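Please look over the sequence and the model shown here before reading the notes.

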Amino acid sequence: MRTMNTEELIPEIKELVIKACCELDDNVVNAFKEALKKEESPYSRDTLKLLIENAEYAKREQIPCCHDTGACVVLLEIGQEIAWQGMPLMDAVNEGVRQGYRDGYLRKSMVKDPLERVNTGDNTPAVLHTEIVPGDKVTITIMPKGGGSENMGAFTTLVPGEGPEGVKRFVMDTIKYAGGKTCPPIIVGVGVGGTMDYCTWIAKKALLRPIGQRHPKPLYAKLEEELLEEINKTGIGTLGMGGTVTALDVHIEYYPCHITALPVAVNLQCHASRHASKTI
């Protein structure tokens, strides 16, 4: 059994918040470069070049790659052999987020109440997800989630008989309705199964999978490829300006579900697909 003080998380989360907002990883930037090879629209080609230049400049100068530094989604994968001591876990997470957004000069986007609309001033509270995993380590993942892409997410419960074609239809309806408001080229996260709450979570978690990595189950890998092809036929293009590349990839995750239901959730990620992880 390993004993950890929750305060150990604070500097790690602070560092990851700043890193995530300022540094698009190589997987994303390389996907931009691959998209540039496929893109036929001159307007979208020029914009893709600007996105690559912007990502490189932001990383070099350590400034946010997008002005919308998002709601701070935090995933803690906690080893079952860890015993916590110190301040409440949520308080430690929020303190790390608070310091990261303050010291990184990142935009604060959280409001205290969704109807009263008063800004919290420090981008807390974070949206925290915890998962218990084997071992005695903690993996921290920070995912700043911008409003434009998050606002276009959707959930439905299909009749089970609608099957894969129903899933595809709902995903495509969501993409077409969103259009350019998600700041394409996007990554499309799809959750299938579970319950209403869990389905939406696995759709978001799917966005963390590296671009180009297919689902290990052939059924879902095939569905990902079919959806990616269909999405890129919509002609929405980079930042909605028309073109042959609207999505960089589609990632599907599934979970067992009730016999009466086929839940489906879509969570969209803008071109600024930001996340950073560390295991301690």
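The briefing below moves from the whole chain to single residues.

This is a predicted model, in which local features need pLDDT of at least 70 and side-chain atom pairs count only at pLDDT 80 or more, while totals for chains, interfaces and linings use all residues. Residues are numbered from 1 along each chain as its sequence is written, and side-chain values use heavy atoms, with hydrogens and water left out.

**Overall form**

- The protein chain holds eight helices and ten strands, where helices (H or I, at least four residues) and strands (E, at least two) are DSSP runs numbered from the N terminus.
- For 280 residues a compact globule would have a radius of gyration near 19 Å, and the 19 Å of the protein chain agrees with this; the radius is taken over C-alpha atoms, and the globule rule is 2.2 Å times the number of residues to the power 0.38.
- Of the 280 residues, 50% are buried, a term that means under 20% relative accessible area, with exposed meaning over 50% and partly exposed in between (1.4 Å probe, protein chains only).
- Among contacts (heavy atoms within 4.5 Å) between residues at least 6 apart in sequence, 81% join residues at least 24 apart.

**Aromatic pairs**

- Two aromatic pairs are found in a search of the whole structure; rings of Phe, Tyr and Trp (its six-membered ring) pair if their centres lie within 6.5 Å, and planes under 30 degrees apart count as stacked, over 60 as edge-to-face and the rest as tilted.
- One of them is the stacked pair of Tyr-220 and Tyr-254, with 4.7 Å from centre to centre and 5 degrees between the planes.
- This pair links distant parts of the chain, since Tyr-220 is in helix 8 (residues 218-231) and Tyr-254 is in strand 8 (residues 247-255), 34 residues apart.
- Tyr-220 counts as buried at 12% relative accessibility, whereas Tyr-254 is partly exposed at 35%.

**The loop between helix 4 and strand 4**

- Pro-125 lies in the loop between helix 4 (89-103) and strand 4 (127-133), and the peptide bond from Thr-124 to Pro-125 is cis, with omega near 5 degrees.
- Tyr-105, also placed in this loop, has a positive phi near 55 degrees although it is not glycine, and Tyr-105 is exposed with a relative accessible area of 73%.
- Asn-123 of this loop has a positive phi as well, near 65 degrees, but Asn-123 is buried, with a relative accessible area of 0%.

**A residue of strand 9**

- Gln-269 lies in strand 9 (residues 262-269) and is buried at 1% relative accessible area.
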